[in-house]
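Here are my notes on this model, point by point. Have it open while you read.

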Amino acid sequence: MSFATTHTATLLKYGGISFIAGAVNHGMFSESRSAITAAFGVCFYLLGSWLEMRVQDAQRQSWADVLGVGIVSSIGLGFFTGGLQHFPDSPDRSVWVVPLGFALSLLAMYYMDWRTRMSVNRLITYALFSIAVVCACSALAWLQLIGQAGDGHGHSHGEATLQTQDAHEHSGAGAVAPTRTVTVTLSDDMRFTPDNWQATSGETVRIQLVNTGKVRHEFIIGTEAELQAHAEEMKKPNTSHNHHAGNAVSVAAGSKGELVWAFTDAGVLHIACFEPGHYDAGMRGTILVLP
């Protein structure tokens, strides 16, 4: 295999894995965009594998390997790398995506390259031990990131007061004065900027919201489970999208809004916009609350 061919095949295979990892990171195939991204990743991976197989002298792989086990391998590696990359902002998802990806990649490698060189008993022994280690490490990481699970506190990660130019003002009796200000831009490309940032448990932050677009956007903060439940609620008929709960700010086109949030528990909070179609288009982000 020439250098150029090797380089091209490697780019295609690992580019495909990156595409699949991106699909995992953005919704576990729950959105059409993620499904399309995953499909491109699988195609790239298969094309790179075919290129390798076409020029190899030793025909160690068959089309059955490439089309069958190759797909499993690419998805497994995508799950594993994507889950690791986004453990801090999506621990509830990564805690099972990482072990699943590890197991899929392990089985795929065995059937593609090692089935004639390694006994099934040795595979089972190694698989049980290694998967147990990965599961234990994932669980430990989840406990650290989710905010000391089991210590008796509830799901609330903070308290808020808010002001917007197009909404009623909500009072915050006894609220602590903000110690710093974070400016978040809301744009018509369906993105928050920044969409991932950090806070510290115990601090109060003024979140300044600037809508630079031509349509209304909103900023909602909560746990991943709370936002998922909210997303399902918004799908119901006759549900008002112009809600103004204590954790939500609706900002008209070209306007500004403000939300003052007291971060109380360490963990991960999620932000989202639930104007019709915006959340599915990727208007979401995370806030990592450090102890």
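1. Start with Phe19, which is partly exposed at a relative accessible area of 33%. Phe44 falls in the partly exposed class as well, at 28% relative accessibility. For the cut-offs: buried is under 20% relative accessible area, exposed is over 50%, and partly exposed is in between, with a 1.4 Å probe and protein chains only.

2. A word on provenance: this is a predicted model, where local features need pLDDT of at least 70, side-chain atom pairs count only at pLDDT 80 or more, and totals for chains, interfaces and linings use all residues. Residues are numbered from 1 along each chain as its sequence is written, and side-chain values use heavy atoms, with hydrogens and water left out.

3. Now the rings. Seven aromatic pairs turn up, taking rings of Phe, Tyr and Trp (its six-membered ring) as paired if their centres lie within 6.5 Å, and calling planes under 30 degrees apart stacked, over 60 edge-to-face and the rest tilted. One of them is Phe19 with Phe44, an edge-to-face pair at 5.3 Å centre to centre and 65 degrees between the planes. This pair links distant parts of the chain, 25 residues apart: Phe19 sits in helix α1 (residues 3-25) and Phe44 in helix α2 (residues 32-55). Helices here are DSSP runs of H or I with at least four residues, strands are runs of E with at least two, and both are numbered from the N terminus. Ring pairs also bring in Phe40, giving a cluster of Phe19, Phe40 and Phe44.

4. Which class does the pair of Phe80 and Phe102 belong to? It is tilted, because the ring centres are 6.1 Å apart and the planes are at 50 degrees. Again distant parts of the chain are linked, 22 residues apart, with Phe80 in helix α3 (residues 63-85) and Phe102 in helix α4. Phe80 is partly exposed at 23% relative accessibility, whereas Phe102 is buried at 17%.

5. Phe102 leads on to Ser130, since Ser130 is in contact (heavy atoms within 4.5 Å) with Phe102 and Leu106, leaving aside neighbours within four places in sequence. Ser130 lies in helix α5 (residues 120-145) and is buried, at 8% relative accessibility. A polar atom of its side chain lies 2.8 Å from the backbone oxygen of Tyr126.

6. The buried residues of α5 are Leu123, Ala127, Ser130, Val134 and Ser138, and they pack against α4 (91-114). The length of α5 checks out: its 26 residues should span 38 Å at 1.5 Å a residue, and the end C-alpha atoms are 37 Å apart, which agrees. The expected span is 1.5 Å times one less than the number of residues.

7. On to the strands. Five of them form an open sheet with mixed pairing, in the order β4-β10-β9-β6-β7; strands pair if DSSP finds at least two bridges between them. β4 and β7 (248-251) are the edge strands, each pairing on one side only. Within the sheet, β6 (residues 217-222) and β9 (residues 267-272) run antiparallel and are joined by three bridges. Gly222 has His270 as its bridge partner in β9.

8. Two backbone spots deserve a look. Most residues other than glycine have a negative phi, and most peptide bonds are trans. Met190, not a glycine, has a positive phi of about 60 degrees; this residue lies in the loop between β2 (180-187) and β3 and is buried at 17% relative accessibility. The bond between Thr193 and Pro194 is cis, with omega about 0 degrees, and Pro194 is in the loop between β3 (191-193) and β4 (196-200).

How values were computed: A polar contact is a pair of N or O atoms within 3.5 Å; within protein, one must be able to donate a hydrogen and the other to accept it, and residues adjacent in sequence count only if both atoms are side-chain atoms.
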